[in-house]
Amino acid sequence: MTDLAESPAVRRLDDWDAAALTELVDEYGSPLYALDLERVRENYRRLESAFPDAEIFYAVKANALGDVLEALHGAGAGLECASAGEVKRALAASGSGADVHYTAVNPPARDLDWVVDAWEDDPELTITVGAEETIDRLEERGYDGRLCLRVNPGIGAGHHEKVQTGAAAKFGVPAERAVEVLADADERGFDVVGVHAHVGSGVSSDQLDDHREFVSRMGDLARAVDDALEGDGLEFVDVGGGFGVPYREDEQPLDLEAVAEATRDALGDVDARLAIEPGRYFVADAGVLLTEVNTVKEARDTLAVGVDAGMTTLLRPAMYDAYHPIRNLTAALEADSADDAGRETVAQTIAGPICESGDVFCTDRQLPASERKDVIAIGNAGAYGYEMANQYNSRPRPASVVIDGETRRLARRRETFDDVTRVETDRSRPADADREAHNEDETR
Ligand code: LLP
């Protein structure tokens with residue numbers, strides 16, 4: 001176990017062992033996600049030491065691989081889930097509803113049915129609702145368990161407008177209505193345990209003022225709710241996740257101490273525990289995406305480099321114009337060998353195999369001139385990488401390898417063409433043949 005003092009606040013793409021990563025591609029093929037579990041644990045311990053009094057949940061949506069859930073739960077984290085599917089995985093990994101929070105956003109009936117069933121077996125599970133109607137729908141299903149209210153604090157932050165949730169209409173009950181809604185839920189027999197809000201994802205140090213304003217609103221709210229609730233009062237105030245990580249090579253890590261201090265200042269006198277639920281912070285720099293160059297050509301103003309990963313493998317650049325560090329591992333290894341003069345650095349556009357112009361990982365990035373069969377590493381791919389991968393263009397999703405100390409394990413096999421078509425029904429069967437079974441399975 002790495003000593004926390006020796007664990008850097010950020011692991012840069014250059015810090016990965018280029019030879020070991022190219023070996024993984026030799027062994028498992030490309031494209032390939034690689035995830036270092038020990039780095040995940042280090043990130044957990046760093047955050048825990050900045051927030052020693054907080055209850056820490058891991059936002060499963062950042063990376064739901066079973067190895068990750070087990071590593072973080074083993075390190076002490078609870079698991080925050082965005083869907084019934086995630087709750088299923090979280091219960092399998094943790095073995096206990098007491099460590100699982102389900103944050104229901106416009107929950108499909110199937111999700112509520114499934115989670116309420118799970119709660120009947122495991123009554124310590126907590127459900128966070130973001131609309132009054134969700135409370136009604138839970139009541140209709142006989143749920144009167146642990147209930148947390150997600151509020152809309154009216155202030156958002158984050159790396160892109162598409163991930164700034166705190167003021168977006170779809171999330172939470174307006175904070176000014178929270179007391180009324182919770183008092184009502186309390187009266188109806190729910191076990192009201194918490195208030196929750198999530199300001200957005202990828203909050204950076206220069207958005208610290210927004211964070212301060214956000215937690216101060218949550219402090220005011222928690223005090224007002226505590227006054228209004230008869231009985232036990234609130235167990236926790238959950239201020240969500242959103243801790244940003246540096247993606248650019250020159251970006252500094254988030255000032256965790258400053259965030260923790262601002263949070264303590266705002267909530268210090270609130271008689272409830274602080275809960276946080278980061279996702280990205282634990283896994284982003286613990287993962288890389290490895291991809292092989294298959295095509296190199298001189299375009300008009302740039303070297304156009306084609307690789308075998310694309311927006312179906314890592315969607316973030318296409319969806320948020322997200323920057324990811326990129327390193328040509330083959331060129332780096334050549335440069336390390338004494339007899340090589342090194343390759344020329346040129347502007348290049350690295351793009352995937354999907355028929356969309358948005359399918360690019362970088363444009364005009366200065367890198368050593370790529371050649372066919374080079375292995376390229378795309379950094380900070382551990383969060384929202386595989387989770388957002390898809391099968392567009394009938395492209396099977398990639399494999400994932402987990403590194404844990406000296407061990408390397410194929411954690412998820414590469415999909416096949418058959419995986420892509422597996423859910424299609426047999427066209428020779430009668431039109432209605434599969435309907436009943438289809439509608440009966442509540443996990444669909
Ligand atoms: N809690 C709630 C209620 C959330 O909605 C989220 C993220 C988190 C916690 C964790 O946020 P984090 O600590 O990971 O920033 N796909 C986007 C990020 C979307 C985040 C959605 N919610 C991306 O790739 O940047």
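These are my notebook entries on a predicted model.

**Ground rules**

I number residues from 1 along each chain as its sequence is written. In this predicted model, local features need pLDDT of at least 70, side-chain atom pairs count only at pLDDT 80 or more, totals for chains, interfaces and linings use all residues, and side-chain values use heavy atoms, with hydrogens and water left out.

**Overall form**

I looked up the secondary structure first. The protein has 14 helices and 18 strands. Helices (H or I, at least four residues) and strands (E, at least two) are DSSP runs, numbered from the N terminus.

Next I checked the dimensions. The C-alpha trace spans about 75 × 65 × 40 Å along its principal axes.

**Two domains**

I then looked up the division into domains. Domain 1 covers 1-36 + 287-444, and domain 2 covers 37-284. These bounds come from an automatic or database domain assignment. Taken over C-alpha atoms, the two domain centres are 30 Å apart. Domain 1 gives 34 residues to the contact and domain 2 gives 36 residues. Contact means heavy atoms within 4.5 Å.

How much area do the domains bury between them? I found about 3400 Å², with 50% of it on carbon and sulfur atoms. Buried area is the accessible area (1.4 Å probe) that two parts lose on being put together, summed over both. Of the area that domain 1 buries against domain 2, Arg-12, Tyr-323 and Tyr-384 supply 18%, more than any other three residues.

**Polar links across the interface**

I counted 19 residue pairs in polar contact across the interface, both residues at pLDDT 80 or more. A polar contact is a pair of N or O atoms within 3.5 Å; within protein, one must be able to donate a hydrogen and the other to accept it, and residues adjacent in sequence count only if both atoms are side-chain atoms.

On the side of domain 1 that touches domain 2, the elements giving two or more residues are β1 (32-36), α11 (316-320), β17 (399-404) and β18 (407-412). The residues of that side divide into 17 nonpolar, seven polar and 10 charged. Ala, Val, Leu, Ile, Met, Phe, Trp, Tyr, Cys and Pro count as nonpolar, Asp, Glu, Lys and Arg as charged, and the others, Gly among them, as polar.

**Salt bridges**

The interface holds two salt bridges. A salt bridge is a side-chain nitrogen of Lys or Arg within 4 Å of a carboxyl oxygen of Asp or Glu. I searched the whole structure and found 28. Asp-404 pairs with Arg-41 at 3.1 Å, N to O. Glu-80 pairs with Lys-61, their closest N and O atoms being 3.6 Å apart. Glu-80 sits in strand β3 (residues 78-81), and Lys-61 in the loop between β2 (55-59) and α3 (66-75), 19 residues apart.

**Backbone details**

I noted a cis peptide bond from Ser-30 to Pro-31, with omega near -5°. Pro-31 is in the loop between α1 (18-28) and β1. Asn-106, a residue other than glycine, has a positive phi near 40°. Asn-106 lies in the loop between β4 (100-104) and α5 (109-121).
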